[in-house]
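Dear colleague,

I am passing the structure on to you with this message. Below it you will find what came out of the analysis, arranged by kind of contact.

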Number of protein chains: 2
Amino acid sequence: MLTDRQLFILQIIIDDFIRSAQPVGSRNLAKKDDVSYSPATIRNEMADLEEMGFLEKTHTSSGRVPSEKGYRYYVDHLLSPGSLRRSERTAIHSIFADRQEGLEKAVQNAATILSELTSYTSIVLGPRFNDHKVRNLQIIPIDTRSAVAIIVTDTGHVENRIFSLPEGIEPEDIEKMVNILNDRLTGVPLSELRQKIYKETTELMRRHLHNYEAVLHMFAEASAGSPIGKLFIGGKTNIFNQPEFRDVEKVRLVMDMMEKEHDMYELIRPTESGVQVKIGTENAEQAMEDCSLITASYSVGNEPVGTIAILGPKRMEYSRVITLVDFLSHDMTNVLTRLYNTRT
Amino acid sequence: MLTDRQLFILQIIIDDFIRSAQPVGSRNLAKKDDVSYSPATIRNEMADLEEMGFLEKTHTSSGRVPSEKGYRYYVDHLLSPGSLRRSERTAIHSIFADRQEGLEKAVQNAATILSELTSYTSIVLGPRFNDHKVRNLQIIPIDTRSAVAIIVTDTGHVENRIFSLPEGIEPEDIEKMVNILNDRLTGVPLSELRQKIYKETTELMRRHLHNYEAVLHMFAEASAGSPIGKLFIGGKTNIFNQPEFRDVEKVRLVMDMMEKEHDMYELIRPTESGVQVKIGTENAEQAMEDCSLITASYSVGNEPVGTIAILGPKRMEYSRVITLVDFLSHDMTNVLTRLYNTRT
DNA sequence: TTTAGCACTCGAACATAAAGAGTGCTAACA
DNA sequence: TGTTAGCACTCTTTATGTTCGAGTGCTAAA
């Protein structure tokens with residue numbers, strides 16, 4: 001086990017390194033006001049901490065740098081809970097204050113503000129609309145050959161798609177179809193629409209119409225769109241600020257990853273509830289080797305529907321960011337639950 | 001004026017530099033098979049070309065590098081028209097072959113393929129839907145307090161927005177509204193909808209309904225969305241491949257610019273028709289100092305509706321890229337005109 | 001007009017040296 | 001016994017030459 005003094009020194013080393021990005025040496029540590037040990041004592045403790053794997057040296061005679069295990073311990077045991085400035089709090093509240101712009105804009109806004117507050121990169125996975133239920137279906141003819149299929153959910157989300165009309169279909173036929181569809185499918189969750197659309201309506205359609213298959217197929221396809229929420233990334237270039245990313249190759253690795261939607265989704269895919277911290281190689285993604293990721297999911301009611309995350313260097317201001325992410329995710333949960341939880 | 005030999009040497013220098021990214025010296029030039037002059041002769045010509053401003057030296061005794069003026073002359077007078085491989089041609093045709101996915105996906109696809117073919121960064125400005133006309137308006141109630149307003153254009157584009165329903169409005173009222181709106185506004189271009197919606201419908205609404213103002217206002221607002229097309233960028237990180245961008249600061253400048261939608265729009269905003277080449281500082285944007293941009297607009301019928309562009313280093317394969325951009329823009333014009341020009 | 005020859009310049013690569021920050025170890029100290 | 005001062009040692013960083021090669025400009029000869 002670690003002695004109190006070792007804990008103290010570990011903490012102060014990591015704090016210092018997070019601030020300065022420079023390996024920290026015994027002499028400089030001893031100079032600090034709140035450190036009352038001599039350099040030699042500190043050196044001894046450092047040697048022990050290194051032996052236990054919490055610290056590393058970049059070369060034989062350099063100052064110490066936290067290891068991944070060191071950060072992990074720091075995050076798990078040494079973190080002094082941060083507090084938010086009033087200005088930060090209001091900035092976050094303001095995101096969802098004005099709902100006129102629509103949910104998507106608000107979520108995008110959240111990403112921007114989050115990255116500005118932290119000067120790291122933010123990732124926001126927009127709410128999944130999977131379990132939302134069909135409110136209304138429409139077919140709007142464009143010309144004789146094509147039409148737009150529209151699906152409106154009970155959350156106000158709209159899916160739409162252009163499709164080719166079958167030959168010789170009449171406006172009245174379309175009206176009949178729309179009526180049947182709405183009659184049979186209102187209230188069906190989007191995730192089940194694909195199967196139910198055939199089961200529920202084929203019989204009726206056959207009785208009154210011909211050439212309906214293409215249209216059914218169309219809706220089935222359209223409903224399969226966006227199984228996952230939209231991804232917004234804010235402050236992509238903030239990584240350039242980090243001194244450990246002066247190297248083009250390193251930046252490139254991270255940038256490349258950020259361009260791949262799928263990778264990003266995998267990265268922040270929600271695991272457990274609450275704030276999660278993944279340090280360096282704890283992330284599956286190779287490119288994240290030198291980065292840390294802090295995620296939290298937000299919910300509607302008790303159901304998690306999306307995730308917010310901050311991506312920064314391993315040398316991240318964990319305390320501040322954790323507080324921030326925690327706060328925002330709760331705020332989002334509150335707002336969204338109030339807005340959308342009427343339907344349960 | 002330039003002699004034939006000077007033209008030849010200028011061309012061969014630029015060709016070589018585009019390939020190698022290394023300053024080109026007289027000795028190496030003279031070694032080439034198709035060059036039959038001695039290094040000394042070439043040196044003399046180089047000195048003249050430099051004096052005229054077509055070449056530059058990086059330092060007193062280095063090889064020559066094309067100046068911006070040199071590139072400009074090269075592009076305007078020395079370009080051998082490139083030809084496309086069959087595989088490139090089919091790749092381009094394939095973009096719009098399968099329209100099932102919808103126009104937006106296809107445009108995004110164009111950006112991806114363009115960046116893959118060139119290994120530069122591609123920018124595609126999606127078609128502007130401004131002059132498209134209202135085909136149908138809908139109001140779908142979500143619950144007692146809110147509803148979704150939907151605008152479908154004659155091109156199959158769908159705009160939608162959630163809004164709050166006025167107190168105590170009845171389903172029949174909404175139906176009436178929708179009827180009036182469709183009756184009066186079908187065929188109105190989106191750009192004029194904002195004004196016309198009040199002029200055309202207020203009188204009728206007043207006669208039959210109350211509390212309609214909020215709804216009108218709503219539609220007016222929704223129609224004002226996306227005045228410009230959507231922007232897609234492909235291969236953002238391709239700039240990292242360029243040896244002249246080994247420098248983090250340079251990359252950052254370009255990356256930062258690419259994140260700003262507005263800047264990008266300004267950058268590729270269509271000017272003249274045909275393929276445009278902007279070299280280095282010919283672009284207004286500061287960050288483009290070391291980059292070149294090749295743009296071409298595409299049209300529906302005779303009306304330009306969008307732009308495609310390639311962003312690369314000044315040392316770009318102009319010939320190939322110009323051919324490619326030209327080809328794709330024509331292909332897009334053809335396809336889109338066939339699809340959407342029925343309505344004029 | 002072209003080219004060979006030559007002196008000269010500059011950058012890249014490499015070696016060397018000195019300075020500075022840091023360590024580990026030992027011995028003295030409280 | 002835990003703490004600290006002292007010291008030799010290590011390694012990086014920075015500065016300073018040195019050399020090498022690629023390139024130039026100029027002059028004079030072909």
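**Salt bridges**

B:Asp263 counts as buried at 17% relative accessibility, where buried means under 20% relative accessible area, exposed over 50% and partly exposed in between, with a 1.4 Å probe and protein chains only. Its side chain meets that of B:Lys260 in a salt bridge of 3.9 Å, N to O, a term that stands for a side-chain nitrogen of Lys or Arg within 4 Å of a carboxyl oxygen of Asp or Glu; B:Lys260 is partly exposed, at 45%.

Before going further, please note that this is a predicted model, in which local features need pLDDT of at least 70 and side-chain atom pairs count only at pLDDT 80 or more, while totals for chains, interfaces and linings use all residues. Residues are numbered from 1 along each chain as its sequence is written, chains are lettered from A and ligands numbered from 1 in the order in which they are written, and side-chain values use heavy atoms, with hydrogens and water left out.

Over all chains the count comes to 42 salt bridges. One of them joins A:Glu45 and A:Arg5, at 2.7 Å from N to O. Because A:Glu45 lies in helix H3 (residues 39-51) of chain A and A:Arg5 in helix H1 (residues 4-20) of chain A, this pair ties together parts that are 40 residues apart in sequence; helices (H or I, at least four residues) and strands (E, at least two) are DSSP runs, numbered from the N terminus. A:Glu45 is buried at 7% relative accessibility, whereas A:Arg5, at 31%, is partly exposed.

In chain B, the closest N and O atoms of the salt bridge between B:Asp76 and B:Arg72 are 3.1 Å apart. These two residues, 4 apart in helix H4 (residues 68-78) of chain B, are separated by about one helical turn. Both count as partly exposed, B:Asp76 at 45% and B:Arg72 at 21%.

**A buried arginine**

B:Arg64 belongs to strand S2 (residues 64-66) of chain B and is buried, with a relative accessible area of 11%. Its side chain and that of B:Glu50 are joined by a polar contact of 2.8 Å, meaning a pair of N or O atoms within 3.5 Å, of which, within protein, one must be able to donate a hydrogen and the other to accept it, residues adjacent in sequence counting only if both atoms are side-chain atoms. Leaving aside neighbours within four places in sequence, the residues in contact with B:Arg64 (heavy atoms within 4.5 Å) include B:Pro23, B:Val24, B:Met46 and B:Leu55.

**Aromatic pairs**

There are 6 aromatic pairs over all chains, counted where ring centres of Phe, Tyr or Trp (its six-membered ring) lie within 6.5 Å, with planes under 30 degrees apart called stacked, over 60 edge-to-face and the rest tilted. The rings of A:Tyr71 and A:Tyr318 have centres 5.9 Å apart and planes at 50°, so this pair is tilted. A:Tyr71 lies in helix H4 (residues 68-78) of chain A and A:Tyr318 in helix H12 (residues 318-340) of chain A, so the pair ties together parts 247 residues apart in sequence. A:Tyr71, A:Tyr74 and A:Tyr318 form one aromatic cluster.

**The two copies**

Chain B can be laid on chain A with an RMSD of 0.1 Å by a turn of 180° and a shift of 0.0 Å along the axis, the superposition being by least squares on the C-alpha atoms of residues with pLDDT of at least 70 in both. The copies are thus related as by a two-fold rotation axis.
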